[in-house]
Amino acid sequence: MKALKYLSILILPVIVYISFTTSGWLTILPIITFFGFVPLLELFFNPDKDNFDKDQEETEKANKLYTYILYATLPIQLYFLGWFLAMFQTIELTTLEYIGRISAMGLMCGVIGINVGHELGHRNNRFDEFLGEILLLTSLNTHFLPYHNAGHHFNVATPNDAATARKNEILYIFWIRSHFQSYYQAWEAENKRLTNSDRSRLHHQNRMLIYTICNILLVVGIFFFFGRTSLLAFLAASIFGILLLETVNYIEHYGLLRKKNEHGRYERVKRTHSWNSDHVIGKLMLFNLSRHSDHHYNGSKHYQLLKSLPESPQMPTGYPGMMLVALFPPLWFKLMNKKLQDL
């Protein structure tokens with residue numbers, strides 16, 4: 001029964017359904033909910049720091065329902081994406097309605113497409129990883145997997161990591177640096193992997209080569225079957241989802257750096273090298289992503305098993321609230337630089 005609480009993710013498709021089927025201001029209900037109601041509600045709930053004991057952990061680790069919930073998000077994501085693409089062929093929308101529906105699909109791309117794709121991409125079996133690739137493809141962000149697993153988890157909290165925000169780095173600059181640098185590093189990681197196994201960089205097992213072809217085919221297919229307006233809307237929604245990802249990257253590691261030892265090597269990744277949040281609503285709807293410190297300590301640990309530990313630096317509120325604060329750099333620096341000093 002513990003797994004059923006993660007069905008709270010279904011709130012997202014419900015409010016996106018409202019956005020897609022109504023007009024006027026209701027089309028922006030998903031944005032109002034996730035960046036208005038959720039941050040406000042989290043102020044009234046104490047963070048949940050409870051962890052499974054050893055016996056519970058073994059039981060919940062074997063519970064396949066947690067994984068089936070992840071699987072269920074794939075047909076939901078594909079259905080809403082198809083609906084989203086088709087709607088622009090049949091109805092005329094106002095500017096507000098375009099913004100509302102594109103941002104609604106963008107939330108689906110970020111919360112389900114990228115976040116669930118990230119979780120499945122960490123699994124040690126090809127089927128789960130393949131489902132993760134499909135979800136990431138719906139946001140044109142397939143390069144995330146090779147970079148994230150081979151680059152980010154290895155270089156996190158160092159200047160070598162594209163997705164670690166430097167102290168006093170403005171979010172809007174970070175968006176550009178992180179996205180394009182991570183794309184470049186994804187190619188580097190794949191090229192290195194193939195070179196080390198004496199295969200050509202153009203080998204069919206170069207994931208970045210295959211991902212690039214898939215991205216091109218998807219974009220061309222959308223244009224051919226749905227037209228230019230749908231394609232532009234899809235690109236806008238994908239960009240929105242990617243910006244959500246990069247904003248999450250920004251808040252997860254802002255200003256945290258690993259120390260170097262006497263040999264000039266960085267210390268092992270610890271639970272002190274990611275910001276943690278145990279705020280209940282964001283934690284459930286993002287499949288425990290906000291317990292990010294433990295995730296980086298053990299990247300293969302399934303989301304339901306992630307722990308809250310006292311040594312992990314804590315965010316003042318949940319992810320949606322922190323993402324809003326990050327949009328205002330002076331406020332962000334005032335809040336988070338002080339917390340960095342107190343670590």
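At 48% relative accessibility, arginine 126 counts as partly exposed, a label for values between the buried class (under 20% relative accessible area) and the exposed class (over 50%), taken with a 1.4 Å probe on protein chains only. Before going further, please note that this is a predicted model, in which local features need pLDDT of at least 70, side-chain atom pairs count only at pLDDT 80 or more, and totals for chains, interfaces and linings use all residues. Residues are numbered from 1 along each chain as its sequence is written, and side-chain values use heavy atoms, with hydrogens and water left out.

Side chains of opposite charge can pair when their charged atoms come close. The side chain of arginine 126 meets that of glutamate 133 in a salt bridge, at 3.0 Å from N to O; the term asks for a side-chain nitrogen of Lys or Arg within 4 Å of a carboxyl oxygen of Asp or Glu. Glutamate 133, in turn, is buried, with a relative accessible area of 9%.

Now look at helix 6, residues 126-137. Helices here are DSSP runs (H or I, at least four residues), numbered from the N terminus. Helix 6 has 12 residues and reaches 16 Å from its first C-alpha to its last, close to the 16 Å expected, where the expected span is 1.5 Å times one less than the number of residues. At its start, a side-chain oxygen of asparagine 125 comes to within 3.3 Å of the backbone nitrogen of phenylalanine 127. The buried residues of helix 6 include Asp128, Leu131 and Leu135, and the buried set packs against helices 4, 5, 7, 9 and 10, with contact taken as heavy atoms within 4.5 Å.

Glutamate 129 is also buried, at 16%. Its side chain meets that of arginine 207 in a salt bridge of 3.8 Å, N to O. This pair links distant parts of the chain, with arginine 207 in helix 9 and glutamate 129 in helix 6, 78 residues apart.

Next, turn to helix 8 (residues 171-196), the place of glutamate 190. Glutamate 190 is buried, with a relative accessible area of 1%. Leaving aside neighbours within four places in sequence, glutamate 190 is in contact with Pro146, Gln205, Asn206, Arg207 and Met208. A network of salt bridges links Arg126, Glu129, Glu133, Glu190, Arg193 and Arg207.

The structure holds 16 salt bridges. Another of them joins lysine 301 to aspartate 294, the closest N and O atoms being 2.9 Å apart, and both of these residues are buried.

Technical notes
Helices (H or I, at least four residues) and strands (E, at least two) are DSSP runs, numbered from the N terminus. A polar contact is a pair of N or O atoms within 3.5 Å; within protein, one must be able to donate a hydrogen and the other to accept it, and residues adjacent in sequence count only if both atoms are side-chain atoms.
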